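Here are my notes on this one, written as I went through it. Have the model open while you read.

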Amino acid sequence: MKLAPDEQRMLEGKKGLANQKAMQLLVEYAEGLGAEAFVDTNNVTVLTGLFPYPDLIKKLVPSLDPDEIASKFFLNSDERVVVDRVKAFTTSHIYRNQEYPEIQQGGEFLCEVTKIMEEYCKRIGIINLATCTPYQVGNLPVKGEHCAWTESSAIPFCNSVLGGRTNIEGLHSAFASAITGKTPLWGMHLEENRLGNVIIHVEVDMNEIEDWNLIGYYVGGQIGLDIPVYRNINKTPDLTRLMALCASGAASGSTVIFHIVGVTPEALTFEAASGHGKNLRALKYGTEQRKETYEKLNHSDRDNVDIVVLGCPHYTLERVRAVANMLEGKRVHENTVLYVTTCRMIKALADSNGYTEAITKAGGLILEDTCGIFFDFDTSKVLASDSAKMVHYVPSTTGLKRLWFGTTEECINAAITGKWKGELK
Ligand code: F3S
């Protein structure tokens with residue numbers, strides 16, 4: 001591939017070991033992808049808090065030295081590399097909630113590791129937003145901005161809703177981009193790859209957040225890596241609805257970008273979204289497909305609910321407020337737990353506006369920085385959520401088999417009564 005002079009200097013080690021290791025990694029990655037050049041990026045999100053294999057950390061880095069952890073796990077290097085400062089504006093994905101280690105897989109040990117890595121990130125200039133929704137709290141790319149983002153639900157949000165440009169980056173590539181300020185020029189960075197190629201004819205009303213979860217989940221499962229263009233949407237979606245569409249489509253499939261005609265920035269017209277494409281594949285989304293998707297997501301043989309998890313992706317302030325209002329004067333059932341997950345900045349606002357107190361007073365728990373799919377559940381329990389993504393991943397990450405999916409109101413009702421009474425309206 002063709003390297004610019006500064007990239008060449010990094011590769012030759014003239015800008016220090018960290019830049020050299022990061023550039024080696026990126027060159028290998030870019031060549032594997034068939035990219036011929038890099039593009040500058042000043043917007044990266046990194047996975048510095050996700051350590052699903054605690055035993056591996058204990059074995060490989062018993063000292064828990066953060067530079068050694070970063071070298072081994074982020075830069076694929078047995079040599080200890082000390083990063084001075086990252087070059088790009090970089091924010092972090094989720095960590096662990098430090099207050100309730102016992103709720104999360106890996107318990108105290110992984111909380112300790114993530115705390116160490118949070119400090120490490122701060123030292124090298126990464127901003128610890130600790131969220132899967134960085135666009136809510138300070139990392140908001142603009143149309144055309146080249147980014148290197150991680151997190152399956154945030155990537156379609158960046159590409160589709162904001163018009164930013166990112167591929168699906170992983171732990172290593174994003175960290176290397178943070179250090180170097182470079183990312184391979186391919187995929188979503190190129191205009192011609194962003195055009196829609198499957199028309200989705202929407203034949204149902206799209207009012208509730210649940211509707212956006214269902215359509216995203218259905219379409220994602222049908223089209224994989226193709227790019228959907230949604231037509232005939234009857235209502236302009238708000239932030240929560242768009243987040244639901246992004247998260248569900250990326251969970252059942254690999255939706256990296258979508259267009260909603262008349263709504264998203266690269267879809268002012270159908271022609272603009274599809275590049276005047278002719279003979280595009282078409283998919284119908286009507287009552288039948290909606291029902292089929294709902295039934296796929298609901299699979300419990302018991303009507304009791306032991307656990308309610310809300311906040312996937314991390315809840316917005318509007319949703320936290322809505323939940324606080326729904327719980328007013330109510331009490332979570334003695335056999336049920338209610339968890340609401342969000343990021344630390346939204347939690348701080350929830351604290352200062354009395355929402356945390358309202359949720360806690362009702363017997364719920366609002367948790368910052370963490371994610372329900374890494375919770376430590378008794379696998380015989382029944383979980384309910386208003387997120388298709390949560391319901392999709394929970395069986396494989398926690399072993400839970402009995403799941404209910406529905407509206408936030410139905411989930412709150414389940415938290416209060418201990419019973420599932422949801423239905424598709
Ligand atoms: Fe976020 Fe976890 Fe859902 S990272 S998108 S809350 S699965």
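Helices here are DSSP runs of H or I with at least four residues, strands are runs of E with at least two, and both are numbered from the N terminus. This is a predicted model, in which local features need pLDDT of at least 70 and side-chain atom pairs count only at pLDDT 80 or more, while totals for chains, interfaces and linings use all residues. Residues are numbered from 1 along each chain as its sequence is written, and side-chain values use heavy atoms, with hydrogens and water left out.

1. Let me start with the end of helix α16 (residues 408–417).

2. Which residues of α16 are buried? They are Thr408, Glu410, Cys411, Ile412, Ala414 and Ala415, where buried means under 20% relative accessible area with a 1.4 Å probe, protein chains only. Their packing partners are α8, β9, α12 (317–326), β10 and β12, with contact meaning heavy atoms within 4.5 Å.

3. Now the sheet. It is open, has five strands in the order β11-β10-β9-β12-β13, and its pairing is parallel; two strands pair if DSSP finds at least two bridges between them. The edges are β11 (365–368) and β13 (402–405), each with a single partner strand, so one side of each has no neighbour in the sheet. From one strand to the next the twist averages 25°, with axes as lines fitted to C-alpha atoms (for helices, over the stretch in contact) and angles taken from 0 to 180 degrees between N-to-C directions.

4. Strand β10 (residues 337–342) and β11 run parallel, joined by four bridges. Tyrosine 339 has leucine 365 in β11 as its bridge partner. Lying across β10 and β11 is helix α13 (residues 344–352), at about 140° to β11. Helix α16 packs on the sheet too, touching β9 (307–310), β10 and β12 (382–385), and its direction makes about 145° with that of β9.

5. Over to strand β5 (residues 198–202): four of its five residues are buried, so the strand is largely enclosed by the rest of the structure. Isoleucine 199 is worth a click: valine 229 stands opposite in β6, and alanine 282 is its bridge partner in β8.

6. Finally, β5, helix α8 (residues 209–223) and β6 form a right-handed β-α-β unit. Right-handed means that, with the strands pointing away from the viewer, the path from the first strand over the helix to the second runs clockwise.

Terms used
Buried < 20%, exposed > 50% of the residue type's maximum accessible area, 1.4 Å probe, protein only.
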